[in-house]
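The account below moves from charged pairs to an aromatic contact and then to the pockets. Please keep the sequence and the coordinates in view while reading.

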Amino acid sequence: MSDTRCQLMAAVPHGLHMAVHVGHNVGLVTLTLYTNVGNVADVRARVVSTHLTAALLRPSMVGGVLCGLSAARSAILSQARDVMKTRSLATEIIFNLAPHTKISPALQQFGIRDTDTDILAITVDIVPKEKFKEINFESGFEVDENLTPNAAILKSVLQGDVVDIELLEGLKDRESITKLYKLTAEELSLDDIERCCISRMACKGFL
C-alpha cells in the first residue's frame, strides 16, 4: 500500500468526485446533494438491505464539503489498513464526521431521519487502478452503473431533486454545528466554520 494519495477529480454538475488511491485500487468518492426527497424511509431500507456503500447525511449538520471529503478519505484509508472503528465503510464516514469517539451518537447526530427532506449523500466505489485510468473527467464524468454502482443505484431509487453541491452552505445549521463541535467565538473569528470542524474531526480522541 505504498501508493496512497488523494485527488479531487471533478466538480461535475450538481456534485463532486474525489479519488483516493490505495495500493492497486482507487476509492471513487461521489458527493451529491438532494432536496425535496419524498422517500427517505424507503431509501434507508434499500441502503441497508442491499449493502450500498452510501452515507446518508443531514446537510444541516455537515460543516462543509471538505468535511465530507475528509471523512470519506479517512474511512477508505482505515478500511485498507483494517483499522475501522465501525462495521461498514458508510458508517465509518459518518463516525469520522463526529468530533467525538462515540459511534451511536454520531449516527444519530449526522444520519438522516425519516422526516428529513434534504440529504447529502456520500458514496464510495472501489475500482482497480487500470479501470480508473480509463476515465476522462475532462469530458464531463457522470455516475455509471459499471464504474460507480453505489452512486448510480442510489440516484435511481432516491426521489428528489439533485441540486448544486454549493447549496450545502445555505443548508448548514451553524448554531447546532457550533454547539456540537464546541467551537469558540475566538476560533470562528480566526477561521471559517468548515475548517474549524475539520480540526475537531482530526483531533478526536486527543481532546
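A residue counts as buried when its relative accessible area is under 20%, as exposed when that area is over 50%, and as partly exposed in between, with a 1.4 Å probe and protein chains only. The model is predicted, so local features need pLDDT of at least 70 and side-chain atom pairs count only at pLDDT 80 or more, whereas totals for chains, interfaces and linings use all residues. Residues are numbered from 1 along each chain as its sequence is written, and side-chain values use heavy atoms, with hydrogens and water left out.

A salt bridge is taken here as a side-chain nitrogen of Lys or Arg within 4 Å of a carboxyl oxygen of Asp or Glu, and by this rule the count comes to 4. One of them joins the side chains of Arg 44 and Asp 114, at 3.0 Å from N to O. This pair links distant parts of the chain, 70 residues apart, with Arg 44 in helix α1 and Asp 114 in the loop between α4 and β5 (119-128); helices (H or I, at least four residues) and strands (E, at least two) are DSSP runs numbered from the N terminus. Arg 44 is partly exposed, with a relative accessible area of 35%, and Asp 114 is also partly exposed, at 49%.

Another salt bridge holds Glu 187 and Arg 200, whose closest N and O atoms are 2.7 Å apart. Because Glu 187 lies in helix α9 (residues 185-190) and Arg 200 in helix α10, the pair ties together parts that are 13 residues apart in sequence. Glu 187 is partly exposed, with a relative accessible area of 24%, while Arg 200 is buried, with 17%. Lys 172 forms a salt bridge with Glu 169, with 3.1 Å between the closest N and O atoms, and Lys 172 is itself buried, at a relative accessible area of 12%.

How many aromatic pairs does a search of the whole structure find? The search finds 1, where rings of Phe, Tyr and Trp (its six-membered ring) pair if their centres lie within 6.5 Å, and planes under 30 degrees apart count as stacked, over 60 as edge-to-face and the rest as tilted. The pair is formed by Phe 110 and Tyr 181 and is edge-to-face, with 6.3 Å centre to centre and 70° between the planes. Phe 110 lies in helix α4 (residues 103-110) and Tyr 181 in helix α8 (residues 174-181), so the contact ties together parts that are 71 residues apart in sequence. Both Phe 110 and Tyr 181 are buried.

The pockets come next. On a 1 Å grid over the protein atoms alone, a pocket is an open set of points where a 1.4 Å probe fits, with protein on both sides within 12 Å along at least five of seven lines, and lining residues have an atom within 4 Å of a point. The largest pocket holds about 470 Å³ of space, a volume being the space filled by probe spheres set on the points, which are joined across faces, edges and corners. Of its 19 lining residues, the closest to the centre are Val 47, Val 48, Ala 54, Thr 91 and Ile 94. The largest share of this lining, 4 residues, comes from α3.

The second largest pocket has a volume of about 260 Å³. Its lining has 15 residues, and those nearest its centre are Ser 74, Phe 95, Asn 96, Met 201 and Lys 204.
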